[in-house]
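Grab a pencil and work through these exercises with the model open beside you. Try each task before you read its solution.

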Amino acid sequence: MPIIMILYYLITAYLVSLLAWNFIREKKKSEDLAQYLLVLIPLVLRILRIK
Amino acid sequence: MKRPGIVKAVLIFLFLVFLIQGGLQLYRHRHFDVPVVAGPGVTRVVRLSDFGPGLKGTMADPLVYFLEGKEPGGKAILLSNTHANEPEGLLATLLMLENAVVEKGTLIIIPEFNHSAGRNTRPGDGYPLYFEVQTDWGSKKFRLGNRDASPLDQWPDPDVYIHFPDRQLLSYIDVRNVNRTWPGRPGGPLMEKVTFAAMEIMRREKVDIAVDIHGAETMFPVTNCIVAPEKSNRIATMTSLTVKAKEGFDSHVEPSPTGFRGLSHREIGDYSDTLPFLLEAPIPFLDQPTGPKTVKFLLDGKDPFLLSLAQKKKLFVPYDESGWPLEKRVGQHCSVILEILGQYSKKNPDRSILVRDIPRYAEIVRNGVGHYFHDPAGAEKDKIYLN
């Protein structure tokens, strides 16, 4: 795997951690909770090397 | 929110349902293998990585089949699934692999040229993941791929793809399109390594003819044709005239533009002694203003919206209630390839390529494509290759 691709996977993992952290911390807005998870789907599929 | 814990638990449950349900389908598609029964003409099978560095162990390392005649002669290479959402090329080459016998010269076939694209899906357009072709022994299932390689195999895309070596600026997505990355380079992005390896085959094996097999929209002007550069023009013209006269279908000649870089019909000719040809058969499934992209539509090419547009003369091919079925598309490709080989052999008798047992247009239209595929269950194990 080229270095730039590894860096992009690291960026993706960082974004996943940010979204997961926001999801954990959110206490009021259920719409935001749903949106965090929606955005997470393609990022998790990429990290798992499925899509 | 009164009970955030319960809401979060429900949302996580839904998230996992979507992730697992969708992810499993995509995972299975990427790892689904199509068994191919090597016919009596196949003499050896290697990998593309045997000709180019950096491909071994990647998803961009397809099988390369050699069909060598007893008598030496010329050599031709056939590439299909350059765009893996244009399956008529794949079916034409698999049909040849399972049936053709070469008497003189050599046929080199790479059925899944963009192997990564064949294991990619097309997001957003509602494409089916698979399609099935009816055979004499049941149905044979194929993956429907995408035009471009999977980002799992080549990522990230640049803002603009700078073609090598001409430095022409192309669309960012064309960095994953193997019909924009010719002639390639050994140290470039993965798709440039793929085209470089194919160029190496042509240079090392002294290949006379290269045929890149495609399908194109009925609303796209470069459809139902043979695209050829100046050096291939004579053979392409004779082929076009002969199939029209003898077999009754059109496949006109389009000149390969000199200013549009990266395409097989341009770069193969410019960077090797090989004569390149690119074949296009109309595939209504790829047109934009159509009904749902169903498997039935992929196979029969019938669509009421296209029919309406045809009546308004908006299409570049004749189109009626019979659509543009798979049999016609595969049949055209087989006949045009046979005719190119025939025309080349006439002009170059010492480098002729003689092939038998490949059906022509009328036979394929009459018998169906599936008639020519062999049952893997009844074949010897060493003849089966997983594509």
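A few ground rules: residues are numbered from 1 along each chain as its sequence is written, while chains are lettered from A and ligands numbered from 1 in the order in which they are written. This is a predicted model, so to speak of a local feature we need pLDDT of at least 70, side-chain atom pairs count only at pLDDT 80 or more, and totals for chains, interfaces and linings use all residues.

**Exercise 1. Confidence**

Find out what the predictor says about chain B and about the complex.

*Solution.* Start with pLDDT, the predictor's confidence in each residue, from 0 to 100. For chain B the mean is 97, and 99% of its residues reach 70 or more. Next, take the complex: its ipTM is 0.94 and its pTM is 0.96.

**Exercise 2. Two chains, two builds**

Chain A has two helices and zero strands; chain B has nine helices and 15 strands.

Last, burial. A residue is buried if 20 or more other C-beta atoms (placed from the backbone) lie within 10 Å of its own, exposed if 12 or fewer, and partly exposed in between. That makes 50% of chain B buried, and 10% of chain A.

**Exercise 3. Where the chains meet**

Which elements of chain A give two or more residues to the side that touches chain B?

*Solution.* Count contacts first, meaning C-beta atoms, placed from the backbone, within 7 Å. On that count, 17 residues of chain A meet 14 of chain B. The elements of chain A in question are α1 (3-25) and α2 (30-47), and α2(A) gives the most, with eight residues. By type, this side of chain A has 12 nonpolar, one polar and four charged residues. Here Ala, Val, Leu, Ile, Met, Phe, Trp, Tyr, Cys and Pro are nonpolar, Asp, Glu, Lys and Arg charged, and the others, Gly among them, polar.

**Exercise 4. A helix in chain B**

Is α2(B) largely enclosed or open, and why?

*Solution.* Check its length first: the expected span is 1.5 Å times one less than the number of residues. For the 13 residues of α2(B) (87-99) that gives 18 Å, and the end C-alpha atoms are 18 Å apart, which agrees. Then count burial: 12 of the 13 residues are buried, so the helix is largely enclosed by the rest of the structure. Among the buried ones are Pro87(B), Glu88(B) and Glu98(B).

**Exercise 5. One lysine**

Why does Lys328(B) count as partly exposed?

*Solution.* Locate Lys328(B) in helix α8 (326-347) of chain B. Then count: Lys328(B) has 19 C-beta neighbours inside 10 Å, so it lands in the partly exposed class.

Definitions and conventions
Helix = DSSP H or I, 4+ residues; strand = E, 2+ residues; numbered from the N terminus. Contact = placed C-beta atoms within 7 Å.
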